[in-house]
Amino acid sequence: MKKFFIATAVLLASIVSATAGNQERPSTVDKLPANARQFLSQHFSGLNVAFVVEDPKMIGSEYEVTYTDRTEVDFNPQGEWTSVERKYSAVPSSVVPKQIADYVAKGNFTNQWIKKIERNAYSWEIELNNGLEIEFDMQFNVIGFDD
């Protein structure tokens, strides 16, 4: 029994020490995965990059790109974007799926624009400039509101 506890303690200590070095660190655009660089040049070519942060994970790294106008774009380890947030203007329409853009345009959201969009394996979420958050499933059906 004593050997079991010692082995468990050693295993736990090795896991903690292995993950201790996984801290965010500065990076550059040229170190991003190719599809992430392509996404940035396609949708944000007119902006200046302020900094890039790499966040190492167990498998691969996540990246956050921040522009001088405070636009932030996050990428998963595969280089796919996971969120886009703009502080002072709308997320480019080329990033927003047509179904979501149509919902906002046809809804009662007069003079509102999408300032943030996030996606994961199960849902999409947008935030309008008035602070209203709308969540969609993967078929773009509304599944929730939060203000």
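Predicted model: local features only at pLDDT ≥ 70, side-chain atom pairs only at ≥ 80, totals over all residues.
Residues are numbered from 1 along each chain as its sequence is written, and side-chain values use heavy atoms, with hydrogens and water left out.

Let me begin with the overall layout. The protein has three helices and nine strands, where helices (H or I, at least four residues) and strands (E, at least two) are DSSP runs numbered from the N terminus. Read from the N terminus on, the order of elements is α-β-α-β-β-β-β-α-β-β-β-β. Of the 147 residues, 33% count as buried; here buried means under 20% relative accessible area, exposed means over 50%, and partly exposed is in between, with a 1.4 Å probe and protein chains only. Among the contacts with a separation of 6 or more, 37% are between residues 24 or more positions apart, a contact meaning heavy atoms within 4.5 Å.

Now to the largest pocket. Rolling a probe the size of a water molecule over the atoms shows where empty space is left. A pocket, on a 1 Å grid over the protein atoms alone, is an open set of points where a 1.4 Å probe fits, with protein on both sides within 12 Å along at least five of seven lines, and lining residues have an atom within 4 Å of a point. The largest pocket holds about 160 Å³ of space, a volume being the space filled by probe spheres set on the points, which are joined across faces, edges and corners. Its lining consists of Glu24, Val53, Asp55, Glu62, Tyr63, Glu64, Asp74, Phe75, Asn76 and Thr82. Strands β2 (49-56), β3 (61-67) and β4 (72-75) each supply at least two residues of that lining, and β3 gives the largest share, with three.

Side chains of opposite charge can pair when their charged atoms come close. The cut-off used is a side-chain nitrogen of Lys or Arg within 4 Å of a carboxyl oxygen of Asp or Glu, and a search of the whole structure finds seven such bridges. Asp55 pairs with Lys57, with the closest N and O atoms 3.0 Å apart; Asp55 is buried at 17% relative accessible area, whereas Lys57 is partly exposed at 35%. Lys98 and Asp102 come to 2.7 Å between their closest N and O atoms, and they sit four residues apart in helix α3 (residues 98-106), so they are separated by about one helical turn. In that pair, Lys98 is exposed at 59% and Asp102 is partly exposed at 27%. Lys87 and Glu85 also form a salt bridge, at 3.4 Å from N to O, with Lys87 partly exposed at 26% and Glu85 buried at 15%. These two belong to a network of salt bridges that links Glu85, Lys87, Lys116 and Glu118.

Strand β5 (residues 81-85) pairs with β6 in the antiparallel sense over three bridges, and Glu118 in β6 is the bridge partner of Ser83. On to β7 (residues 123-128): five bridges join this strand to β6, again antiparallel, with Ile114 partnered by Leu128. Strands β6 and β7 form a hairpin with three residues between them.

Finally, which residues have a positive phi without being glycine? Most residues other than glycine have a negative phi. Asn111 has a positive phi of about 60°; Asn111 lies in the loop between α3 and β6 (114-119) and is exposed at 67% relative accessibility. Phe140, with a phi near 70°, lies in the loop between β8 (133-137) and β9 (142-146).

Technical notes:
Pairing = 2+ DSSP bridges.
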